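Subject: Structure handover and notes

Dear colleague,

I am passing on the structure below, together with some notes for a reader who has not seen it before. Please look through it first, and then read on.

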Amino acid sequence: MTNTNTISPSHNAAGNPTALADKLDRCVMCGMCSQHCPTYQLTANESESPRGRISLIAALLSGRLSVDDRLQAHLEHCTGCRSCEAYCPSEVRFGEIITEAKALLPHAAKPPKPPTITPIAGRGLRLYQQSGLQKIVRASGILNPLGLSEKESLLPEVPATPVWKNYYPAVTDTSRGDVALFTGCVANVFDRAALDASRRLLNAMGYGVHVPPSQGCCGAIALHGGHPKEAARLAAQNLSAFASLDIQAIVHTASGCTAQLSEYTQLLSNEQSESFAAKIKDISHFIAEVSWPTALQPRALKKTIALHTPCSLNNVLHQADAPRQLLEHIPTLKITPLPDTNRCCGGAGQYMLDQSEFAQQLRDKMLDGLDSINKQYEIDILATSNLGCSLHLAAGLRARGQQISVKHPIVILAQQLDLVS
Ligand code: SF4
Ligand code: SF4
């Protein structure tokens with residue numbers, strides 16, 4: 001059955017339909033973005049392209065169209081990868097357009113879901129895995145009728161999540177100053193290895209690391225789910241958590257969250273958000289920018305890595321080269337890019353859960369590319385700098401029965417320096 005809802009400008013949860021209309025007006029409908037859009041590549045359907053979505057949103061704003069299930073699906077199928085922005089000669093800010101348009105959809109009137117993965121929930125998941133209950137539940141097939149088996153299959157091995165100290169001093173004779181670590185919500189549980197490796201490497205490079213305890217979710221899930229006010233509330237909480245620190249940078253390991261933090265000025269336009277956003281760095285980018293201490297000599301690693309470039313690192317942070325620069329410190333390591341690494345893998349935060357059909361098709365294309373280079377180079381590790389991509393790709397590899405491990409580049413480097421096991 002098709003549901004239909006009429007949208008009036010006053011329903012715009014983003015608060016400014018005129019500003020959205022101005023952003024749409026920049027589009028000259030040239031279609032140069034379409035061939036780079038992953039959902040258009042899958043479907044060859046104009047309504048699944050950036051240009052098609054812009055037409056739909058413009059029609060919605062002008063009242064020529066109402067929201068129905070099909071229109072809503074076309075907007076929700078967008079992965080938010082922002083490849084279209086990278087190829088648009090008119091500099092259309094599609095990322096802002098799609099998040100503001102999602103705030104027009106009827107589900108935006110419902111309260112946003114809070115981030116569900118906290119360290120406490122993580123400890124519960126770890127117990128579920130370590131007690132053997134996970135094996136029993138999977139073998140019983142009980143999750144299939146509940147529609148949860150796909151979501152549960154994404155669950156990686158949950159690490160221990162000890163409480164962070166507020167500050168970790170440099171372990172070198174001379175200090176190079178302080179930085180802060182953003183730990184996030186889901187990343188604080190599932191990206192713990194990368195966060196820990198980052199902290200230890202920064203200390204070994206001469207940086208003191210602050211981990212402010214009052215920080216929280218970056219707000220990306222709320223914003224991309226059509227809840228800009230909730231995203232702004234979370235942004236304000238993070239601005240206040242880091243405000244008093246005298247730091248050179250705020251670093252993070254999951255590029256999807258880092259991208260969101262770097263755009264806080266779009267949620268809160270003030271001096272504090274500008275200074276916060278200016279300090280945000282992906283961990284690989286921060287380390288690639290500063291001088292590498294000659295005292296740190298990673299052990300050689302005779303392996304081959306396929307390097308994945310997350311859309312957030314490529315299209316939003318524009319730091320796509322940084323992970324390779326980091327890995328190049330490791331002697332004898334062979335690094336090869338994943339074929340079509342600039343195309344979205346379908347992870348895209350909540351997308352892999354909410355749009356699982358498209359997410360799996362996009363992942364299959366990427367893993368088929370990995371298969372093709374695996375035949376040529378015998379790949380040992382798939383490296384990626386975004387937690388969502390990592391969870392999604394690792395689940396795909398498990399489903400294919402492939403033994404290739406998925407790791408963050410910072411973990412590989414810290415292991416070769418014997419900073420982590
Ligand atoms: S953000 Fe990505 S999926 Fe969405 S329209 Fe642009 S290219 Fe397509
Ligand atoms: S978004 Fe940019 S590239 Fe795409 S149709 Fe509009 S102007 Fe052309």
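Buried residues make up 44% of the 421 residues in the chain, where buried is the term for a residue with 20 or more other C-beta atoms within 10 Å of its own, exposed for one with 12 or fewer, and partly exposed for one in between, the C-beta atoms being placed from the backbone. This is a predicted model, in which local features need pLDDT of at least 70 and side-chain atom pairs count only at pLDDT 80 or more, while totals for chains, interfaces and linings use all residues. Residues are numbered from 1 along each chain as its sequence is written, and chains are lettered from A and ligands numbered from 1 in the order in which they are written.

The chain has 22 helices and 11 strands, which are DSSP runs numbered from the N terminus (H or I over at least four residues for helices, E over at least two for strands). Among contacts between residues at least 6 apart in sequence, 79% join residues at least 24 apart, a contact being two C-beta atoms, placed from the backbone, that lie within 7 Å.

One open sheet has five strands in the order β3-β5-β4-β6-β7, with mixed pairing, and strands are said to pair if DSSP finds at least two bridges between them. Its edge strands, each pairing on one side only, are β3 (167–168) and β7 (280–282). Helix α11 (residues 192–205) packs on this sheet, where it touches β3, β4, β5 and β6, and its direction makes about 175° with that of β4; such angles run from 0 to 180 degrees between N-to-C directions, with axes fitted as lines to C-alpha atoms, for helices over the stretch in contact. Within the sheet, β4 (residues 178–181) runs parallel to β5 (residues 208–210) and is joined to it by three bridges, with Val179 having Val209 as its bridge partner in β5. Two bridges join β4 to β6 (residues 250–252), again in parallel, and here Leu181 is partnered by Val251. Strands β6 and β7 pair in the parallel sense over three bridges, and the partner of Ile250 in β7 is Ile280.

Another open sheet, of four strands, has the order β9-β8-β10-β11 and parallel pairing. The strands at its edges, each pairing on one side only, are β9 (334–337) and β11 (405–407), and neighbouring strands are turned by 30° against each other on average, direction ignored. Three bridges join β8 to β10 (residues 381–383), and Ala306 has Leu382 as its bridge partner in β10.

As for the ligands, 13 residues lie around ligand 1, of which Cys37, Pro50, Cys78, Cys81 and Cys84 come nearest; a residue counts as near if its C-beta atom, placed from the backbone, lies within 6 Å. The elements that give two or more residues to this shell are α2 (38–43), α3 (50–62) and α5 (83–87). Around ligand 2 there are also 13 residues, and Cys27, Cys30, Cys33, Cys88 and Val92 come nearest.

Two local points complete these notes. Helix α14 (residues 255–262) is mostly covered, with eight of its eight residues buried, among them Cys257 and Leu261. Thr294, in the loop between α16 (283–289) and β8 (304–307), is exposed because 6 other C-beta atoms lie within 10 Å.

With best wishes
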